[in-house]
Amino acid sequence: MTAVRATTGAGSAKSAEPARSARRALVGRLSWGLADQAASSVSNFVVGVYVARSLGVTAFGVFSLAWVTYGVVLNVSRGLATDPLVVRFSGVPEWSWRRAVARATGTALGVGTLLGAVCLVTGLALGGQVGAAFACLGVLLPGLLLQDAWRFSFFAAGAGRKAFVNDVVWALALVPALLIAARVGGVGAFVLAWGASAAVAAGYGVVQCGVRPRVGQARGWLREQRDLGYRYLVENVSLSGASQVRAYGLGVIVGVGAVGAVRGAELLLGPFLAVLMGLSLVTVPEAARVLRRAPHRLGRFCLLLGGGQAGAALLWGGALLLMPGRVGELALGDVWQSASELIVPITLGVAGAGLGTGAAAGLRALGAARRSLRCQLYASTAYAGGGLGGAALAGTVGSAWGVAAATLSASAVWWLQLRSALRAHRPDTDPETPEVPESRT
């Protein structure tokens, strides 16, 4: 009897070891994801603060319009190129991953070239500060989108360290670029500094990965991933498009300075907004791994993910409310006074978005593109309607509260859809060998 117990205990210890190793690997990947997002958020914050202090509220509003437009184009690229990559090629054999990365990054580069040309022509036609900002953005969109595609590629391979290093390279290249832009002056110079430093990091990504983007294979990639790609395209663009509609509408209803005030308040919450914008770099690949190994734990994983982000955003917002005004003025200059009035509603909006992102990661991992598309269309419509309706009723502050209410309601819709998707996900599937979307090679 004693011998049997000893053997059983040894077997339990051996079976527990792979579980501990898997947890350590998960913590390692998430840690690099957090480090990467920290590097990204810090660089975005520095750019925003430096530009705000250098240009003032009106010119900073023009820069913010270019930033929002970049967000729309970025989400086009992610929907067509890199979102399908992280869903279908996370944790696959290296040869399969390398082939997929070459085609996905080529697609991102092609999207940047095509839409960059549109921005360039539009900017030249508009003229003035706005036109200069859009023309400069158009020239540098290919590099911006390629840099983002490398980050997705590294996280799909579980190599978050490389994504972190790439973002650090971008941040280091930003320093001299911003100093030169400050000497030249003007919105266009700052857009060029921001985009040119991203192009440096994009070039370094080729060296890191050892894979060249294959623009000529973009059509084949789009054809093979069309069942996910086009739905993710609509989903991504609907959100960023709603943000752009809200920004342009706010500029028309209240004034361009209002756009700068909103952007300034968002900068104060920059760490969490940056995490939310690039969250799928970490969470979708990890959710896909959870689905493969223990599908019954996916709901809990998403809840911990979303709840942790929402709680962190609330804590950060509370700290901002206690921050002395002179510190805010030191950071944002003239933008601080108008931005400080928006801290509470924007904090609630970010917390709601963080909670909903946990459910969104689960739907992406499940390949439930129809459900996630419905959620995103609702969220985008509510965002634009709340932002513009609030602006019409109560100006900039009303717009911020309208967006907060829309974001919180959208989070509830995301979680209702995830619960339905989990119930519909093959309850008879063996937890040890779950059925997952097939990786296309």
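**Entry 1. Ground rules.**
I worked from a predicted model, in which local features need pLDDT of at least 70 and side-chain atom pairs count only at pLDDT 80 or more, while totals for chains, interfaces and linings use all residues. Residues are numbered from 1 along each chain as its sequence is written, and side-chain values use heavy atoms, with hydrogens and water left out.

**Entry 2. Aromatic pairs.**
I looked up ring pairs first. Rings of Phe, Tyr and Trp (for Trp, the six-membered ring) pair if their centres lie within 6.5 Å; planes under 30 degrees apart count as stacked, over 60 as edge-to-face and the rest as tilted. I found 6 aromatic pairs in the structure. One of them is Phe63 with Trp67, a tilted pair with 6.1 Å between centres and 50 degrees between planes.

Where do Phe63 and Trp67 lie relative to each other in helix H2? They are 4 residues apart in helix H2 (residues 57-88), which means about one helical turn separates them. For helices I took DSSP runs (H or I, at least four residues; strands are E, at least two), numbered from the N terminus.

I then checked burial, where buried means under 20% relative accessible area, exposed over 50%, and partly exposed in between (1.4 Å probe, protein chains only). Phe63 is buried at 2%, and Trp67 is buried at 10%.

Next I took Tyr70 and Trp194. Their ring centres are 5.0 Å apart and their planes stand at 90 degrees, so I noted the pair as edge-to-face. Tyr70 and Trp194 are both buried. Ring pairs join Phe63, Trp67, Tyr70 and Trp194 into a cluster.

**Entry 3. A charge over a ring.**
I counted a charge as over a ring if NZ of Lys or CZ of Arg is within 6 Å of the ring centre and within 35 degrees of the ring normal. The charged end of Arg364 sits over the ring of Tyr232, 4.0 Å from the ring centre.

**Entry 4. Salt bridges.**
Side chains of opposite charge can pair when their charged atoms come close. My rule was a side-chain nitrogen of Lys or Arg within 4 Å of a carboxyl oxygen of Asp or Glu. That gave 7 salt bridges.

Asp148 and Arg78 form a salt bridge at 2.7 Å, N to O. Asp148 lies in helix H4 (residues 128-156) and Arg78 in helix H2, so this pair ties together parts 70 residues apart in sequence. Are these two side chains buried or exposed? Asp148 is buried at 3% relative accessible area, and Arg78 is buried at 5%. I also noted a network of salt bridges that links Arg78, Asp148, Arg151 and Asp167.

Arg88 and Asp227 form a salt bridge with the closest N and O atoms 2.6 Å apart. Arg88 is in helix H2 and Asp227 in helix H8 (residues 226-253), and the pair links distant parts of the chain, 139 residues apart. Arg88 is buried at 5%, whereas Asp227 is partly exposed at 28%.

Arg98 and Glu94 meet at 3.9 Å, N to O. Both are in helix H3 (residues 94-126), 4 residues apart, which means about one helical turn lies between them. Arg98 is partly exposed at 29%, and Glu94 is exposed at 54%.

**Entry 5. Cysteines.**
How many disulfides does the structure hold? I found 0 disulfides, counting a pair of cysteine sulfur atoms within 2.5 Å. Cys119 is buried at 9% relative accessible area, and Cys375 is buried at 1%.

**Entry 6. Arg289.**
I placed Arg289 in helix H11 (residues 283-293). Arg289 is buried at 7%. Arg289 and Val87 are 202 residues apart in sequence and 9.7 Å apart in space, C-alpha to C-alpha.
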